[in-house]
Amino acid sequence: LINLGIAFLTRFERIRELSDLEHAISRQRDAVGLTPHAHPDRPHLFNNLGNTFLTRFQCIGNPSNLEQVILLYSCAASASTGPIRIRFQASKNWISCARQKLHHTLLHAYFAAISLLPELAWIGLSPSHRYDELSRGADMVREAAAAALDSELPETAVEWLEQGRSVVWGELFQLRSSYEELSVTHPDHARKLRELSATLEYASATREKSSVLSEQSSSATLSATESLKQKAENHRALAIERDKLLQEIRAFPGFEQFLLHKEFSQLRASAHSGPVVILDAAESRCDALIILADLDHVIHVPLLSFPFQRSMGLQNMLEKLLGHARVIRSDDRKGDPAPLRGVSWESLLSTLWNGVVKPVLDALAFSVRETPRDLSRIFWCPTGPFVFLPIHAAGLYGTQYSQPGYKVSDFVISSYVPTLSILAPSSNSPAVPSSCDLRLLTVPQPPSDGLPHLSGVAIELEHIREIIRKSPSAQTILQESSVGTVEEVLDLLKQADWVHFACHGIQDPVNRTESGLCLADGRRLKVSDIIALSRPHGGLAFLSACQTAMGDEHLSDEAIHIAAGMLFAGYGGVIGTMWSISDKLAPEVAWDVYAQLFRNGTRPNHREAARALHDAIGRLRDSGKASFVTWLPFIHVGL
C-alpha cells in the first residue's frame with residue numbers, strides 16, 4: 001500500500017492528474033489504518049500522508065486540506081515511538097504550516113520540536129554526530145522564543161531557550177550531576193535507566209527500512225501483520241518500562257525533577273549573583289529577557305531599533321574588521337590593527353550600545369557608581385549572531401565620551417554564560433576552607449607544538465611566579481607542566497584547582513570538537529578531552545591563547561568552544577578570548593589579573609576573576625597603548 005501510494009504520487013507529479021493524487025491519499029490512508037497504533041513506522045506514514053495532503057492544498061487551495069496537513073504532521077511529531085529524524089522533521093513541517101496560517105497550534109508545534117532535540121542529539125552518538133543532528137534544528141529554538149514573545153509569554157521563551165540551546169553541553173552537565181547523584185544513592189536504577197534508554201533508541205533506529213513492491217499471499221500477509229504487532233508491542237513495552245522506571249526515580253527524595261526540564265520558577269535562581277540577560281535574535285524580532293533571582297517574572301525588553309538584519313550586519317562588520325586587522329590566525333597570538341574604510345570599531349560598539357545594551361541597563365535602572373568596587377555583575381546569555389558580538393565592550397568611544405556613563409563597563413562587570421543552568425547553585429560544591437593550599441597549574445607553549453614561538457609566554461609565567469612569591473600567605477602551590485603532552489596535562493588538571501594556559505589555541509571550523517589548545521608533539525588538548533575530565537566543581541581556568549571562546553558560526557547556540565568546555569568540565573569561571581590576542585599584551589593582562597586576585601595574601605576566590613579582568617582591561621584600554629582589536633577579545637565566562 002505504501003509503495004502503491006508513492007507510485008500514484010509520482011505519476012501525479014509527472015502528468016498532474018488529480019485522480020492520481022486522490023488515489024495516493026487513499027492508499028496512504030489505508031496503510032496508516034492497517035499499522036498498529038504503537039508501531040514505530042506510524043510517524044513516517046503520518047508525515048508522508050501530510051506531505052501528500054500539502055501537495056493537494058497547493059494545487060486546490062482548500063483551507064480544510066491545510067487543517068488536515070497540520071493534524072497529520074502533529075500526529076507524526078507527537079508519536080512516542082519511531083525514528084527521531086522522522087518525528088523531528090514532522091515537527092518542522094508542522095511549524096511551517098502553522099506559521100503560514102497563524103494557526104492556534106503554532107506554540108504546540110514549537111514545544112514538540114524542542115522536546116525532541118535531546119533525542120535528536122542522543123547521548124549514545126559521537127559528539128560530532130550529535131552536532132550534525134542538531135544542525136537540522138539550527139535557529140528553530142530562537143524562532144520558538146520569538147513566537148512565545150508574540151503571545152506575551154516571556155517566561156515560556158526563557159524555558160524554551162534554556163531547553164533547546166547548548167543541548168549537548170546541557171545534557172552532559174545534567175547527566176553528570178544527576179546520574180552521579182543517582183548512582184551513589186540508587187546504583188541499580190541508574191544502571192537500568194542507561195540500558196533501557198540505549199535499547200529503546202536502537203530499536204527505533206533499526207526499524208527504518210525501505211519497503212519493496214511485491215504481492216504477498218494471504219499467509220505471508222498474516223505473518224507480516226503478526227510481525228508488525230510484535231514489534232509494536234515490544235517497543236511499547238520498552239517505553240512503558242522506561243517511563244515506569246523514571247517515575248520510581250522521581251519518587252525518591254531529592255529526585256522529584258530528575259531529567260525534567262526546569263520551569264522558570266527554578267531557572268531564576270541562576271541569577272543569584274546578578275541579572276542574567278538572554279539576548280534572543282530571531283528573524284522576526286530581537287529581544288532582551290532579563291532574569292532576576294527575586295523577581296517571579298521576566299523583564300522583557302523588545303529591541304525595537306535592533307532588528308535581526310542589524311545583528312547580522314554587525315557580525316559581518318566584525319568579520320571585516322578582524323580580517324583587515326589580520327587577527328584571525330591559528331598560528332599566532334598577536335594582531336596587527338589597520339584602518340578600514342567605511343567601518344570602524346567605534347561604529348560597531350556604538351550600535352551595540354544604543355540598540356542593545358543601553359535599553360537593558362535602562363530597564364534595570366542601573367546608574368554609574370561612585371567607585372568601581374560598587375559595580376554590579378551582569379551575565380550575558382547571547383544567541384545567534386549576538387554570540388559573536390562584543391557585548392561586554394558596547395559603548396560610545398571618543399574624547400567627547402571620556403566621562404563615565406557612555407560604556408557598559410561604567411555600569412556593570414560583564415560575564416558571559418552559555419546557559420542559565422551553568423550558574424545554578426550546586427549542592428555538589430562544598431566550600432573550600434580558606435586555609436587550604438591553592439594548586440595552580442601553568443601550561444606554557446611546549447617547544448614541540450610545531451607552531452611559531454611565542455616570546456611573551458616566558459614573561460607571562462614569570463609574572464605569575466613573581467606574584468605568588470610576593471604573596472606567601474596565599475599558600476599557593478605552583479605546578480608547571482614539564483613536557484606539555486596531552487596525557488601529562490590531563491593528569492595534572494585532575495590534581496589542580498586552577499589552571500593557566502599560555503600557548504596557541506585553535507577553533508576548528510570543520511571538526512568542532514577538535515578545537516583545542518596546542519600542546520606537545522603537534523597534538524591538541526581538544527574540547528572532547530576537556531569535557532571528559534572528572535574534577536571537583538569550581539576554580540578558575542585562564543586561557544591565555546587565541547580563539548578560546550570563539551564558537552561555531554553554523555551552530556552558534558551550542559557554544560562549541562574551549563571556554564565552554566572548561567565550564568562544563570567543572571571550572572567555576574573561565575577567562576577566554578573571542579579571537580586572536582597580542583603576544584605582547586597577554587603577559588600584561590595576566591599580571592594585572594593575578595595581582596588583583598592575590599592582593600590580600602589569602603586564598604583567592606575564582607568568583608573575583610571577572611572583576612579582576614574588568615579592571616585590568618579597563619586600565620589597558622585607558623592607557624592608550626592598546627587598540628580595540630587587542631583589548632576587546634578578553635572575556636570572562638561563567639561565575
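L102 is placed in the loop between α5 (84-101) and α6 (106-120), where helices are DSSP runs of H or I with at least four residues and strands are runs of E with at least two, numbered from the N terminus. The model is predicted, so local features need pLDDT of at least 70 and side-chain atom pairs count only at pLDDT 80 or more, while totals for chains, interfaces and linings use all residues. Residues are numbered from 1 along each chain as its sequence is written, and side-chain values use heavy atoms, with hydrogens and water left out.

Most residues other than glycine have a negative phi. L102, however, has a positive phi near 50°. L102 is exposed, at a relative accessible area of 75%; exposed means over 50%, buried under 20% and partly exposed in between, with a 1.4 Å probe and protein chains only. D521, also not a glycine, has a positive phi of about 60° and lies in the loop between β10 (516-518) and β11 (524-526).

The whole structure holds 12 aromatic pairs. Rings of Phe, Tyr and Trp (its six-membered ring) pair if their centres lie within 6.5 Å; planes under 30 degrees apart are stacked, over 60 edge-to-face and the rest tilted. The rings of W345 and W579 have centres 5.7 Å apart and planes at 35°, so this pair is tilted. W345 lies in helix α15 (residues 345-363) and W579 in the loop between β13 (573-577) and α20 (586-597), so the pair ties together parts 234 residues apart in sequence. Both W345 and W579 are buried.

W345, Y397, W579, F628 and W631 form one aromatic cluster.
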